[in-house]
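Visitor: I am new to reading protein structures. Could you walk me through one with me?

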Amino acid sequence: VTLTFVIIERSGGDIGISWSVENLPEPQEVGRGKGDLIASLVFIGLMLAALIWDQTRAFIRIDGESIAVLNPELWPWAMTGLIGLLVLEAIFALVLYARGGWNFMMAAANTVLSMAFFSWFITLLVRGDLFSAKFINLWSENGVQGDSLYTLAVIFGFGVAVISIWDIIDGWVKANRANQTAESKRGALA
């Protein structure tokens, strides 16, 4: 299609339409679309399903024995806290969609949620309560030494930190862009 218009323009043909930069649409605020909302809610649903599956059926089965990844002793209190955070994350996604986009208040709320998730995981990881004893023994029985387990825990903790920091930065960048777009619209109207 572009090639056709280039040929018509270069050959001096007239298609009856004049075009200029002013014909371009105004930039739209980067908001949360329905696809973002659906993706967030599906991810949260999968997380909840994974938590319940790990505790009821387990992801690892060896010789008919179920081995949970997460410590079963985290039920009910610590897991209730995590499920509560996931519910708050779902509410956040719904509010963000209903609002139509980011602002600094939403970025602050996102920061609080991300820090709460980070705190939940890192506290349990550092205390040695996050993973089940059977899961850790499975690694040890297969030749993974204590230093290697420590290294894996550090890598896991670093991964949780990177995801949390990325989520926080992403929220503030989106809020800043939405603010700049709103200011430029106000400036254009003035």
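Guide: Gladly! Let us begin with A58, which sits in the loop between α2 and β1 (60-62). Helices (H or I, at least four residues) and strands (E, at least two) are DSSP runs, numbered from the N terminus. Keep in mind that this is a predicted model, where local features need pLDDT of at least 70, side-chain atom pairs count only at pLDDT 80 or more, and totals for chains, interfaces and linings use all residues. Residues are numbered from 1 along each chain as its sequence is written, and side-chain values use heavy atoms, with hydrogens and water left out.

Visitor: Is A58 buried or exposed?

Guide: Buried means under 20% relative accessible area, exposed over 50%, and partly exposed in between (1.4 Å probe, protein chains only). A58 has 7% relative accessibility, so it counts as buried. Its phi is near 70°, a positive value in a residue other than glycine.

Visitor: What is the phi of D63?

Guide: D63 has a positive phi of about 50°, although it is not a glycine. This residue lies in the loop between β1 and β2. D63 has a relative accessible area of 81%, so it is exposed.

Visitor: Which peptide bond is cis?

Guide: Look at the bond from W75 to P76: it is cis, with omega near 0°. P76 belongs to the loop between β2 (65-67) and α3.

Visitor: Now the helices. How do I describe two that pack together?

Guide: Two packed helices are described by the angle between their axes and the distance between the axes. Axes are lines fitted to C-alpha atoms, for helices over the stretch in contact, and angles run from 0 to 180 degrees between N-to-C directions. For helix α2 (residues 34-56) and α3, the axes come within 9 Å and cross at roughly 170°. That angle makes α2 roughly antiparallel to α3; angles under 35 degrees count as roughly parallel, over 145 as roughly antiparallel, 65 to 115 as roughly perpendicular and the rest as oblique.

Visitor: Which residues of α2 meet α3?

Guide: Contact means heavy atoms within 4.5 Å. On the α2 side, the residues include L37, L41, I44 and L48, and among those they meet in α3 are L82, I83, L86 and A90. By class, this contact of α2 with α3 has 14 nonpolar, 1 polar and 2 charged residues. Here Ala, Val, Leu, Ile, Met, Phe, Trp, Tyr, Cys and Pro count as nonpolar, Asp, Glu, Lys and Arg as charged, and the others, Gly among them, as polar.

Visitor: Which residues does L48 contact?

Guide: Leaving aside neighbours within four places in sequence, L48 is in contact with I83 and L86. L48 is partly exposed, with a relative accessible area of 24%.

Visitor: At what angle do α3 and α4 cross?

Guide: The axes of helix α3 (residues 77-99) and α4 cross at roughly 160° and come within 11 Å. That makes α3 roughly antiparallel to α4. The residues of this contact divide into 17 nonpolar, 1 polar and 2 charged.

Visitor: Where is T111 found?

Guide: T111 is in helix α4 (residues 104-127). With 19% relative accessibility, T111 counts as buried. Its side chain makes a polar contact with the side chain of W172 (2.8 Å). A polar contact is a pair of N or O atoms within 3.5 Å; within protein, one must be able to donate a hydrogen and the other to accept it, and residues adjacent in sequence count only if both atoms are side-chain atoms. Not counting residues up to four places away in sequence, T111 touches I168 and W172.
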